Amino acid sequence: MRDYRYYQTIFAGIPKPFAFVDLDLLGINAQQIRLRSQGKMIRIASKSIRSVELLKHLLEMDDCFRGIMCYSAPEALHLANHGLDDLLLGYPIWEPVWLEKLAIAVRDGHAITFMVDSVEHAEHLEKFARQFKVRLPVCLDADMSTDFFGLHFGVWRSSVRSIEQALYVLRRIVASDHLEAAGLMGYEAQIAGVGDRAPGSIFKNIAVRMLKHVSRREIRDRRALLLETVRQMGISLRFFNGGGTGSLHWTGKEDAITEVTAGSGFFAPGLFDHYIDFRCQPAAGYAVEIVRKPAAGIFTCAGGGFIASGSAGRDKLPKPYLPKGASLLPNEGAGEVQTPVRYRGGENLQLGDPIFFRHAKAGELCEHFTRLYCVSDGRIVKEVTTYRGDGLCQS
């Protein structure tokens with residue numbers, strides 16, 4: 001665990017605000033992810049990293065890291081243009097302009113696989129494949145959410161919720177001369193992305209753990225049945241993708257799964273402090289500057305209000321990380337132009353000193369900064385651009 005003085009010394013003289021990645025801790029997290037994946041190949045979820053150079057860095061760490069799961073068409077093209085290969089679009093693409101560019105990229109030799117969960121998706125893709133005289137690889141996204149007595153435990157993602165629905169879409173793909181059934185994906189978001197060790201929520205944590213336990217068995221059986229059905233159709237798939245940082249340790253045990261996906265665990269953002277089965281090292285963060293001392297024990301920083309996406313709640317706020325003993329004020333939180341912090345600790349904080357924060361989610365940090373300082377062995381070893389720094393950011 002790093003302390004305040006460690007990072008304060010490293011970043012002395014660096015103008016604030018800035019974002020950083022601790023490469024030593026990133027390496028520890030990468031090895032934990034490798035061990036928890038039970039020997040399966042690991043596809044990196046790029047939305048949690050959002051830096052071409054850091055994606056390349058992770059892919060070079062170990063042979064188990066292979067391929068990227070992208071979150072948008074512009075991003076996939078950006079990565080392809082920077083030499084990254086085996087790109088899986090994690091979400092369906094409908095916009096014709098992007099589908100034209102992606103079809104051309106596949107025709108030019110880039111390995112890009114498209115996500116579908118309906119016949120409409122397949123038929124829409126087929127038009128562009130036919131237009132550009134190319135065969136497009138397709139992955140079927142099957143829903144892995146679970147319903148308990150009217151409670152929908154999961155996310156509203158894929159429309160494929162049964163074997164019959166999967167067969168309906170797969171038959172349409174197989175019937176096309178311009179599409180190839182390349183893979184399956186069954187992502188258990190309700191397990192991989194839901195914490196079960198939230199502070200002050202004993203009964204909720206117990207309920208979530210129980211739901212996860214029941215859901216795991218159902219998902220395992222559903223994925224095995226789906227794969228067996230595909231094999232009976234005579235379809236030879238290249239991959240069956242599942243899992244996320246929060247579920248690697250059991251998803252990797254499934255025979256049906258050939259690869260798992262991991263992303264947030266590399267940076268270990270604030271939301272990933274609340275899992276009972278694992279704990280990663282906080283490898284990424286940002287620093288803002290103390291500019292006011294309005295009262296004893298209160299230090300007001302410039303900016304810093306980087307709130308995570310998703311349902312609104314305190315868990316989406318950034319976390320004051322270092323120095324230990326710093327916390328947000330409940331009535332102000334993290335603000336656009338200023339963020340007051342209450343500090344109960346031993347450091348003699350002064351105007352101009354940094355407060356180090358961790359974002360609640362991993363990759364969204366990079367939407368606010370154009371570059372990341374990479375530190376190792378007590379010093380800055382390089383700077384890398386984020387997608388935003390490359391001119392690519394969500395609009």
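This is a predicted model: local features need pLDDT of at least 70, side-chain atom pairs count only at pLDDT 80 or more; totals for chains, interfaces and linings use all residues.
The largest nonpolar core comprises 111 residues, and the most contacts inside it are made by Tyr7, Phe11, Leu102, Phe266 and Phe356. Helix H7 contributes the most to this core, with six residues. In soluble globular proteins, nonpolar side chains tend to be buried together. When residues up to four places away in sequence are not counted, Leu102 is in contact with Ala73, Ala76, Leu77, Leu89, Ile93, Ile112 and Phe114.

Helix H6 spans residues 119-131. Its 13 residues reach 19 Å from the first C-alpha to the last, close to the 18 Å expected at 1.5 Å a residue. The buried residues of H6 are Val119, His121, Ala122, His124, Leu125, Glu126, Phe128 and Ala129. Lys133, which follows H6, has a positive phi near 50°.

The second largest pocket has a volume of about 320 Å³. Its lining consists of His274, Arg314, Asp315, Leu317, Pro318, Lys319, Pro320, Tyr321, Ala326, Ser327, Leu328 and Arg358. Six of the lining residues are nonpolar, two are polar and four are charged. At least two lining residues come from each of strands E14 (319-322) and E15 (326-328). The loop between E14 and E15 contains Pro323, and the peptide bond from Leu322 to Pro323 is cis, with omega near 5°.

Another cis peptide bond joins Lys16 to Pro17, also with omega near 5°. Pro17 lies in the loop between helix H1 (4-10) and strand E1 (18-22). Most residues other than glycine have a negative phi, and most peptide bonds are trans. Asp86 has a positive phi near 55° and is located in the loop between helix H4 (73-81) and strand E4 (87-89). With a relative accessible area of 30%, Asp86 is partly exposed. For Asp377, phi is likewise positive, near 55°. This residue is in the loop between strands E18 (371-376) and E19 (379-385), and Asp377 counts as exposed because its relative accessibility is 67%.

Arg50 occupies the loop between strand E2 (41-45) and helix H3 (52-59). Arg50 counts as buried because its relative accessibility is 6%, under the 20% cut-off. The C-alpha atoms of Arg50 and Ala362 are 9.1 Å apart in space, although the two residues are 312 residues apart in sequence.

Conventions. Residues are numbered from 1 along each chain as its sequence is written. Side-chain values use heavy atoms; hydrogens and water are left out. On a 1 Å grid over the protein atoms alone, a cavity is a set of points where a 1.4 Å probe fits but cannot get out, and a pocket is an open set with protein on both sides within 12 Å along at least five of seven lines; lining residues have an atom within 4 Å of a point. Grid points are joined across faces, edges and corners, and a volume is the space filled by probe spheres set on the points. Helices (H or I, at least four residues) and strands (E, at least two) are DSSP runs, numbered from the N terminus. Ala, Val, Leu, Ile, Met, Phe, Trp, Tyr, Cys and Pro count as nonpolar, Asp, Glu, Lys and Arg as charged, and the others, Gly among them, as polar. The expected span of a helix is 1.5 Å times one less than its number of residues. Buried means under 20% relative accessible area, exposed over 50%, partly exposed in between (1.4 Å probe, protein chains only). A nonpolar core is a set of buried Ala, Val, Leu, Ile, Met, Phe, Trp, Tyr and Cys residues joined through side-chain atoms within 4.5 Å. Contact means heavy atoms within 4.5 Å.
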